[in-house]
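Here is a short report on a protein model. Keep the sequence and the 3D view open as you read.

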Amino acid sequence: MYYSKLFDELFNETTTTWENHSTTFVPSKFAVDVKDDIATIALSVLGHDPKNIDISCYEDKIHVKAKKEEGNETFNKIVADIDETIRVSKVFDGTKAKADIKNGILLITLEKREEAKPKKLTLKVG
């Protein structure tokens, strides 16, 4: 009986809407893209003033903290404070990270450590 009621509530347009199931949308924490010698970490900071975003870079982690400014009740329900620690692979150097914000997405760029990059050797024949 419980499952049929749940099914009816979720799929019957006349009895429910998505607003009944959640008061706050929490997106995926972050995404990472690695191409060649560059890693890019993307983290949503929608609704946050760039001046209120604090990024601390360490050798093995990056810490992002953002506190929302006072807003109206709807804003306070939608925008959540951010307090994320992202572990950095030993292949990349967290202390040399660069950050930029585009369309509400914080992009943190990391480069591979020199010692982690492949070395090309020249062979002498004869």
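The report covers the sheets, a surface patch, a glycine in a loop and the salt bridges.

The model is predicted. Residue numbers start from 1 along the chain as its sequence is written.

**The four-stranded sheet**

Four strands make an open sheet, and their order is E1-E2-E7-E6. Their pairing is antiparallel. Strand E1 covers residues 31-35, and strand E6 covers residues 98-102. These two are the edge strands, so named because each pairs on one side only. From one strand to the next, the twist averages 20 degrees.

Strand E7 spans residues 105-111 and runs antiparallel to E6. Five bridges join the two. For a landmark, take Ile101: its bridge partner in E7 is Leu106.

Strands of a sheet pair through backbone hydrogen bonds, in either a parallel or an antiparallel sense.

**The three-stranded sheet**

An open sheet of three strands has the order E3-E4-E5. The pairing here is antiparallel. E3 and E5 are the edge strands, each pairing on one side only. The twist averages 10 degrees from one strand to the next.

E3 and E4 are joined in the antiparallel sense over five bridges. Ile55 has its bridge partner, Val64, in E4.

**A nonpolar patch**

Which residues make the nonpolar surface patch of about 250 Å²? They are Phe30, Val32 and Val34. Val32 sits in strand E1, and E1 is an edge strand of its sheet.

**Gly94 in its loop**

Gly94 lies in the loop between strand E5 (82-87) and E6. Is Gly94 buried or exposed? Gly94 has a relative accessible area of 0% and therefore counts as buried, the cut-off being under 20%.

What does Gly94 touch, leaving out residues up to four places away in sequence? The contacts are Cys57, Tyr58, Glu59, Val88 and Leu110. Thr109 is 15 residues from Gly94 along the chain, and the C-alpha atoms of the two are separated by 9.1 Å.

**Salt bridges**

The count comes to four salt bridges.

| Pair | N to O distance | Relative accessibility |
|---|---|---|
| Asp33 and Lys35 | 3.9 Å | Asp33 38%, Lys35 56% |
| Lys51 and Asp49 | 3.8 Å | Lys51 72%, Asp49 24% |
| Glu59 and Arg113 | 3.7 Å | Glu59 51%, Arg113 16% |

Take Asp33 and Lys35. At 38%, Asp33 counts as partly exposed. Lys35, at 56%, counts as exposed.

Next come Lys51 and Asp49. Lys51 is exposed at 72%, whereas Asp49 is partly exposed at 24%.

Now follow Glu59 and Arg113. The closest N and O atoms of this salt bridge are 3.7 Å apart. Why does Arg113 count as buried? Its relative accessible area is 16%, and the limit for buried is under 20%, so Arg113 qualifies. Glu59 counts as exposed because its 51% is over 50%.

Glu59 also ties two parts of this report together. This residue is among the contacts of Gly94, and it forms the salt bridge with Arg113.

How values were computed
This is a predicted model: local features need pLDDT of at least 70, side-chain atom pairs count only at pLDDT 80 or more; totals for chains, interfaces and linings use all residues. Side-chain values use heavy atoms; hydrogens and water are left out. Axes are lines fitted to C-alpha atoms, for helices over the stretch in contact, and angles run from 0 to 180 degrees between N-to-C directions. Patches are made of residues with over 30% relative accessible area and no salt bridge: like charges are joined within 9 Å, nonpolar side chains (Val, Leu, Ile, Met, Phe, Trp, Tyr) within 5 Å. Accessible areas come from the Shrake-Rupley method with a 1.4 Å probe; for residues, only the protein chains shown count as cover. A salt bridge is a side-chain nitrogen of Lys or Arg within 4 Å of a carboxyl oxygen of Asp or Glu. Buried means under 20% relative accessible area, exposed over 50%, partly exposed in between (1.4 Å probe, protein chains only). Contact means heavy atoms within 4.5 Å.
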